[in-house]
Amino acid sequence: MTTRTLTRLALALMATFAAGAHAQQGAPEMTQAEVEVGKKIYFERCAGCHGVLRKGATGKNLEPHWSKKDKDGNVTEGGTLKLGTARLEKIIALGTEGGMVNYDDILTKEEINIMARYIQRTPDVPPEFSLKDMQASWKLLVPVDQRPTKQMNKVNLKNIFAITLRDAGKLALVDGDTKQIWKILDTGYAVHISRLSASGRYIYTVGRDGLVTLIDMWFEDPKTVATVKLGADARSVDTSKFKGFEDKYLIGGTYWPPQYSIMDGETLEPKKIVSTRGNTVDGEYHPEPRVASIVASMTKPEWVVNVKETGQIMLVDYSDIKNLKTTTIESAKFLHDGGWDQSKRYFLVAANASHKIAAVDTKTGKLAALVDTKKIPHPGRGANFVHPTYGPVWATGHLGDAAITLISTPSEKKADAKYKQYNWKVVQELKTAGAGNLFVKTHPKSTHLWADMPMNPERENAESVYVYDLKDLNKAPVKLNVAQDSGLPQTKALRRATHPEYNQAGDEVWISLWGGKTDQSAIVVYDDKTLKLKKVITDPAIVTPTGKFNVFNTQHDVY
Ligand code: DHE
């Protein structure tokens, strides 16, 4: 990120968090300048896991003081004030076994000290973001009637990869056929995901800062044709994919404020905002139930909206957005990421604090199953394949355990009737070299299952990926050291190998080698059949690459 962008971001954040800032009684002293540094770092590094109000989700509760009652009425108390500056500094610097990463190679000693004091203060409450605010932020850069009526370039759009350049606040479009960078576009800060329009023409990105960009690939050179802000903090978008609604709407989910927004799919014109505040599955009111994954159904005009802190899964019917109908399904906490099963009837989503996968039947609008897994399942979108013994399965890895869990999923094919007895059961657990997996991936044409381990504390594991043979899942996986294969010099910061993504043909796997903010990183491409290195895509502009989204596979939910 340039200094100008950083300054702009810092100013925006100061404005965002201006409301409600005050010191908790007993909290250590801080100068105003230190408070501002604390706010900025908290938003960029901590809010995603701990929540803006610090009530905790993926990460622990970080309020100055909390107390909770168990079912027998016993009260436990805790809080950052009780932990104190020295203990908090240690946790921030070294991380914890519970999954908190170490920040000693990301933040300076002074910043760690500021953060240890900052989180002993009362959380700053950012302002709400209304439909009017959204409308004011909306920029229609190229109206629909000034866009091409046919594809103006000769690029094979189906095999384009949209690649997040996280800390650069950019998106790289890389041609999957030639492996050349086609275009690098400005986006919001740390784009989290890219999704495709039903037509495959538009790419939608959403930044952590809530900025959505709409990119039209039909121009000679891809162009951003509209932008809009969803709020202060966001992670998810998807389009309307049901027949008759293709490219009509976009939905975006925010972490702050906790709500989802519906926009016009071709212009991003804001249409509606719906709050997700309400009661958790345990019956407690939650002021910050953030919107985690969202997916568009192809069998109904519906989106599956997963609300993290409440554990409620909403099926939002977009056929009449003025009279919105929503089915709310109770599942478990805290909902995070997920993907379709092979039939695309069931959506499976991680309830990571409950160590469960919740499966929703989008045909009946009911919960199909809650399946126990290992600690902190984190599937990405998961991986679907046919198990030699148990038939169709969906796989998830875990952040908190050394296992990949295979869950049997229903199939309406006659030949699969014999597998019905296994449906929604864990049929096998594959051993991994350690915890810290984020993404697993396969492809219908492949006989391999790829798993990364970027959050593993060992450099060797974090910089490698592991490949399982689907024909013999009892065989140990093949380890590929992506950092070494990249040929780039070793750096102080870990170069995390992450997010395996197939090309359209399903014969190559692309891995991001996610290095430090100031280091040149790379995309390392392997031949899926031979597991041999095929190409290293690197360039000074390739900085902190994380998620990669192949147009065809994302458009059609192939995984
Ligand atoms: Fe993600 C998906 C939230 C940290 C890379 N991440 C998702 C989704 C959510 C989410 C809700 C599902 C979106 C959907 O499908 O609609 N991620 C969060 C967090 O709250 C968390 C834990 C902390 C944060 O501050 O954001 C977090 N995520 C990360 C990272 O640190 C990663 C590894 C690097 C980065 O770019 O920030 C990261 N998340 C991703 C990727 C996906 C994702 C690549 C999409 C996976 C896919 O294949 O669809």
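**Aromatic pairs**

Start with the rings: a search of the whole structure, a predicted model, turns up nine aromatic pairs. Select tryptophan 340 and phenylalanine 347. Their ring centres sit 5.7 Å apart with the planes at 80°, so this pair is edge-to-face. Are these two residues buried or exposed? Tryptophan 340 and phenylalanine 347 are both buried.

Go next to tryptophan 450 and tyrosine 526. Here the aromatic pair is tilted, at 5.9 Å centre to centre and 45° between the planes. Colour the strands as well. Tryptophan 450 belongs to strand β30 (residues 448-452) and tyrosine 526 to strand β35 (residues 522-527), so the pair ties together parts that are 76 residues apart in sequence. Tryptophan 450 is buried, as is tyrosine 526.

Now show Phe245, Tyr249, Trp303 and Tyr318 together. Ring pairs link these four into a cluster.

**Arginines over rings**

Select arginine 54 with tyrosine 118. Arginine 54 lies over the face of tyrosine 118, 5.5 Å from the ring centre. Then select arginine 277. Which ring does arginine 277 lie over? The ring is that of tryptophan 256, and the distance to its centre is 5.6 Å.

**Helix α4**

Return to tyrosine 118 and display the helix that holds it, α4 (residues 109-118). Buried residues in α4 are Ile112, Ile114, Met115, Ala116, Arg117 and Tyr118. What covers the buried residues of α4? Show α2 (32-50) and α3 (80-94), which are included in that cover.

**Two cysteines**

Select cysteine 46 and cysteine 49. The closest cysteine sulfur to that of cysteine 46 is in cysteine 49, 8.8 Å away and too far for a bond. A disulfide would need the two sulfur atoms within 2.5 Å. By this rule the count of disulfides is zero.

Cysteine 46 has 16% relative accessibility and counts as buried. Cysteine 49, at 36%, counts as partly exposed.

**The iron site**

Move to the ligand and pick its iron atom. Which protein atom is the donor? The only protein donor is NE2 of His192, at 2.0 Å.

Finish at strand β10 (residues 223-229). How many of its seven residues are buried? Five are, and the strand is mostly covered.

Look for aspartate 216: its bridge partner in β10 is lysine 223. Follow the chain from β9 into β10, and you pass through a hairpin of six joining residues.

Select lysine 139 and look across to β10, where threonine 227 is its bridge partner.

Technical notes
Residues numbered from 1 in each chain as written. Predicted model: local features only at pLDDT ≥ 70, side-chain atom pairs only at ≥ 80, totals over all residues. Heavy atoms only, no water. Phe/Tyr/Trp six-rings, centres within 6.5 Å; stacked < 30°, edge-to-face > 60°. Buried < 20%, exposed > 50% of the residue type's maximum accessible area, 1.4 Å probe, protein only. Helix = DSSP H or I, 4+ residues; strand = E, 2+ residues; numbered from the N terminus. Lys NZ or Arg CZ within 6 Å of the ring centre and 35° of its normal. Donors = N, O, S within 2.8 Å, 3.2 Å for Na, K, Ca; no water. Pairing = 2+ DSSP bridges. Contact = heavy atoms within 4.5 Å.
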